[in-house]
Amino acid sequence: MAETVDIHALAGAYALDAVDDLERAAFDRHLRECGTCAVEVAELRETASWLTHAVAEAPPPRLRESVLAEVGRTAQERPRRGASGAGRSRRSRLLRWTAGAVAAAVLAAGVGVGTWTVARQGVQRENARIDAVLAAPDARLVSSEMAGGRVTLIVSPSRNAAVAVLNGLADPGAGKDYQLWMIGDSGPAPVGVVAGGTGRQYITGLAPRFAVTVEPEGGSRLPSPTGVGQINL
């Protein structure tokens with residue numbers, strides 16, 4: 001009898017391209033309608049990309065020993081008990097794999113604890129703000145196809161905030177970034193820059209329209225005349 005897999009549990013495997021063709025097609029369809037999974041996939045891809053960049057700081061003494069000791073204390077996966085645990089087991093394997101990848105990256109690249117802690121705190125603050133938008137009782141999702149991909153907004157009027165998720169947009173080109181704008185009565189206001197065609201951005205301050213343009217790397221003060229697309233909020 002085939003196992004029943006929770007489609008949400010595929011987010012991590014999908015972000016790491018560790019799914020088969022059938023799972024990928026199913027999750028592609030799911031991703032068009034699930035803002036939570038879209039945010040999770042974008043975050044996982046960003047984290048995986050960040051882990052590939054080493055910094056020059058030397059690791060503190062005994063880091064290797066403490067990491068290996070923690071690995072030794074981690075319980076192994078328990079046998080699954082029926083189809084209802086299939087999604088949890090798969091997610092559990094992925095989380096353990098991700099933890100191992102982080103530990104290996106720390107040891108191999110020599111990431112300093114101080115630098116890693118500051119970066120982690122910044123990510124935690126960003127995630128907390130994103131979680132607040134997703135958990136807001138008035139949160140709603142709007143999306144539109146742009147530049148060969150999809151842009152999804154999770155909008156919370158009560159928090160006057162939104163989360164923008166870019167997924168699969170075409171490469172903007174060398175020296176270019178996608179820039180995000182809120183457009184109100186007083187004109188366009190820049191609200192974030194996303195490098196490449198996939199990523200997410202927390203946005204403070206809503207307006208009647210949201211827009212995406214291609215701008216020089218780092219962004220511009222005003223949008224270029226030719227935009228990528230707009231979404232009415």
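Predicted model: local features only at pLDDT ≥ 70, side-chain atom pairs only at ≥ 80, totals over all residues.
Strands here are DSSP runs of E with at least two residues, helices are runs of H or I with at least four, and both are numbered from the N terminus. Two strands pair if DSSP finds at least two bridges between them.

Let us turn to one pair. Strand S4, residues 176-184, pairs with S5 in the antiparallel sense over seven bridges. Within this pair, Tyr178 stands opposite Val194 in S5.

Next, which strand holds Thr213? Thr213 is found in strand S7, residues 209-216. Thr213 is buried, with a relative accessible area of 4%; buried means under 20%, exposed over 50%, and partly exposed in between, with a 1.4 Å probe and protein chains only. The side chains of Thr213 and Trp181 are joined by a polar contact of 2.8 Å. Such a contact is a pair of N or O atoms within 3.5 Å; within protein, one must be able to donate a hydrogen and the other to accept it, and residues adjacent in sequence count only if both atoms are side-chain atoms.

Finally, helix H2, residues 21-31, has Glu23, Phe27, His30 and Leu31 as its buried residues. On the other side of H2, Asp21, Leu22 and Arg29 are exposed.

A note on method: residues are numbered from 1 along each chain as its sequence is written, and side-chain values use heavy atoms, leaving out hydrogens and water. Local features need pLDDT of at least 70, side-chain atom pairs count only at pLDDT 80 or more, and totals for chains, interfaces and linings use all residues.
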